[in-house]
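Subject: Structure handover

Hello,

Here is the structure for you to look at. Please open it alongside this note.

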Amino acid sequence: MEHYIVNGGKRLEGSVTISGAKNAALAIIPAAILAGESCRIDNLPQIEDVRLFANILSGIGAKTEFVESGSLLIDPSTINTYDVTADMVSSFRASYYLLGALLGRYGRAKVALPGGCTIGARPIDLHIKGFRALGAKVCIEKGAVCVEGERLTGAEIYLDIASVGATINIMLAAVRAEGRTVIVNAAKEPYIVDLANFLNMMGASVKGAGTDTIKISGKKKLHGRNYSIIPDMMEAGTFMIAAAATGGDVVINNVIPTHLEAISAKLMEAGASVEEGDDGRDFYIRVKADKPLRSVNIKTLPYPGFPTDLQQPMTALLATARGTSIITETLFEDRFKHVSELCRMGADIRVRGQSAVIDGRQGLDGTRLYASDLRAGAALVVAALAASGKSDIYNIHYIDRGYERFEEKLRALGADIERVE
Ligand code: UD1
């Protein structure tokens with residue numbers, strides 16, 4: 001089993017370039033199914049989740065080919081089954097976007113229920129509510145969701161929670177429905193805007209993405225297009241937090257600073273300096289921490305609030321910040337699994353319901369650590385980089401799902417991190 005060995009205590013210094021956004025990629029790859037011709041998706045992160053999704057599309061008959069690093073050609077015209085079986089999706093959560101995409105394109109789909117990181121119950125009732133509102137029949141049998149609706153019709157759909165997944169899945173189905181769909185209380189995450197841009201390039205009519213009301217006028221045909229996806233705000237945020245946690249000075253290239261405002265604001269409140277810039281080619285953010293950090297309180301919220309995905313790395317940073325911080329997790333009920341691992345490094349953190357109370361300590365000690373999910377893994381790496389001594393981090397397959405060449409990028413910043421068998 002591969003794991004990381006980290007010798008902590010080194011300041012991160014230098015520059016790092018951010019890869020394409022995982023969550024945008026996982027929405028845009030299935031969207032290619034809606035096209036009549038081949039699509040080419042560029043700036044894809046080279047991560048396990050993208051490889052898995054390309055394999056699933058091949059498994060249902062689409063032609064897929066990685067033409068160069070980070071570029072995937074998808075020809076959906078050869079798709080020959082709408083049945084995505086459990087062995088194809090295994091523990092891959094975003095496979096549920098195949099429901100919306102196959103329903104929109106072919107009027108039917110059967111997709112084994114998703115796995116993915118276990119960070120709470122993560123139901124899909126709102127996705128199902130959306131499909132039903134568009135006129136599809138939905139049933140759950142033998143661990144799979146079946147959707148069927150030869151003629152979908154636009155509808156007004158109110159989402160009880162501004163769910164990213166439900167908003168994307170409904171968009172994928174509604175772009176080919178007859179008439180107008182309005183998604184009310186839609187999620188506003190940048191991935192939704194990126195998906196809308198891709199769909200509109202394909203000939204769809206999606207208006208209002210990035211606000212809480214998305215209006216979609218269904219089109220009979222969508223076309224194959226080339227599209228380059230946005231940079232990953234979670235990867236960028238992780239490097240920002242790692243830079244601050246190690247007292248470092250890092251320039252993070254290829255970012256969209258507005259996507260990172262909540263993280264920048266909290267790092268500045270904690271005492272780090274955050275500077276945005278434009279080098280003429282890319283936007284960048286420089287994070288520098290040359291004095292001890294202080295405690296801050298954080299509440300996770302849908303975009304543009306503080307992202308739940310960065311709550312975990314931020315806990316690692318606050319474990320050594322002066323004073324008491326309170327982190328309140330409002331999106332997922334079980335996203336504090338990293339806390340027990342941080343405590344084994346000497347952190348003083350108590351979880352009370354949906355909040356973690358962190359009493360900052362002067363330093364953490366490296367030890368043997370186990371990641372429980374993707375961002376918990378990132379949190380443990382941040383903690384290990386800032387800690388003194390050696391840490392062995394296991395279950396790094398979770399990290400590989402969402403971070404491209406993570407240890408390589410960290411090493412280039414001066415981290416002592418190695419992947420070993
Ligand atoms: C997506 C992201 C994930 C991020 C999360 C919140 C992808 C592949 N994953 O996950 O990285 O942490 O957004 O920003 O893009 N809910 C329901 N019913 C539903 C759907 C969701 O109750 O039908 C609840 C969830 O349990 C959760 C909340 O809504 O409490 C938000 O979930 P959602 O926005 O759907 O997250 P995901 O799309 O799963």
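Below is what was found in it, by topic.

The model is predicted, so local features need pLDDT of at least 70 and side-chain atom pairs count only at pLDDT 80 or more, while totals for chains, interfaces and linings use all residues. Residues are numbered from 1 along each chain as its sequence is written, and side-chain values use heavy atoms, leaving out hydrogens and water.

Strands here are DSSP runs of E with at least two residues; helices are runs of H or I with at least four, and both are numbered from the N terminus. Two strands pair if DSSP finds at least two bridges between them.

Strand β3 (residues 39-42) and β14 run parallel, joined by three bridges. Ile41 stands opposite Tyr227 in β14. Contact means heavy atoms within 4.5 Å. Axes are lines fitted to C-alpha atoms, for helices over the stretch in contact, and angles run from 0 to 180 degrees between N-to-C directions.

The helix pair

Helix α1 (residues 22-31) packs with α7 at about 25 degrees, and their axes are 9 Å apart. The two helices are therefore roughly parallel (angles under 35 degrees; over 145 is roughly antiparallel, 65 to 115 roughly perpendicular, the rest oblique). On the α1 side, the contact is made by Asn23, Ala24, Ala27, Ile28 and Ala31; on the α7 side, by Tyr191, Asp194, Leu195, Phe198 and Leu199.

Asn253

Where is Asn253 found? Asn253 sits in strand β15 (residues 249-253). Asn253 is buried, with a relative accessible area of 14% (buried is under 20%, exposed over 50%, partly exposed in between; 1.4 Å probe, protein chains only). Not counting residues up to four places away in sequence, Asn253 touches Ser15, Val16, Thr17, Ile18, Asp279, Phe283 and Tyr284.

Strands around β7

Strand β6 (residues 83-84) runs parallel to β7 (residues 108-112), with two bridges. Val84 has Val111 as its bridge partner in β7. β7 also pairs with β9 (residues 144-148), antiparallel, over five bridges.

Best regards
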